[in-house]
Amino acid sequence: RLQWVLNEHQKLMSEPVPVGVNRVLVGHRTPAIMVLGPSVGGTALPEGGAIVLEPGGAPKILGVLTPASIPNRGFHGC
């Protein structure tokens with residue numbers, strides 16, 4: 001099952017989208033880290049963060065959006 005999950009993530013992160021369309025995937029960060037590798041591992045992709053990709057072939061990471069901290073609030077400081 002894990003391999004299926006990773007294959008589906010790879011497919012969704014790699015397939016091009018039609019012009020003028022965005023694809024938004026919401027989920028856990030672990031499969032994203034397993035598919036995209038160390039560039040989004042560790043603290044590079046914090047809880048509540050978002051990866052911005054350019055799909056098509058091997059997905060190109062354009063950036064990581066991180067949530068603003070709320071002092072003394074939230075799970076894991078999110």
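This report describes a helix pair, a hairpin and a pocket in a predicted model. Local features need pLDDT of at least 70 and side-chain atom pairs count only at pLDDT 80 or more, while totals for chains, interfaces and linings use all residues. Residues are numbered from 1 along each chain as its sequence is written, and side-chain values use heavy atoms, without hydrogens and water.

The elements below are DSSP runs numbered from the N terminus (helices H or I, at least four residues; strands E, at least two).

| Element | Residues |
|---|---|
| Helix α1 | 2-14 |
| Helix α2 | 29-36 |
| Strand β1 | 50-54 |
| Strand β2 | 60-65 |

The axes of α1 and α2 lie 10 Å apart at an angle of about 75°. That makes α1 roughly perpendicular to α2 (65 to 115 degrees). Leu2, Leu6, His9, Gln10 and Met13 of α1 meet Pro31, Ala32, Met34, Val35 and Leu36 of α2, contact meaning heavy atoms within 4.5 Å.

β1 and β2 pair in the antiparallel sense over five bridges; pairing requires at least two DSSP bridges. Glutamate 54 stands opposite lysine 60 in β2. The two strands form a hairpin with five residues between them, and glycine 56 in the turn has a positive phi of about 120°.

The largest pocket has a volume of about 820 Å³. A pocket here is an open set of points on a 1 Å grid where a 1.4 Å probe fits, with protein on both sides within 12 Å along at least five of seven lines; lining residues have an atom within 4 Å of a point. Of its 26 lining residues, Val24, Leu25, Val26, Ala50 and Ile51 are closest to the centre. α1, α2 and β1 each supply at least two residues of the lining.

Terms used:
Axes are lines fitted to C-alpha atoms, for helices over the stretch in contact, and angles run from 0 to 180 degrees between N-to-C directions. Angles under 35 degrees count as roughly parallel, over 145 as roughly antiparallel, 65 to 115 as roughly perpendicular and the rest as oblique. Grid points are joined across faces, edges and corners, and a volume is the space filled by probe spheres set on the points.
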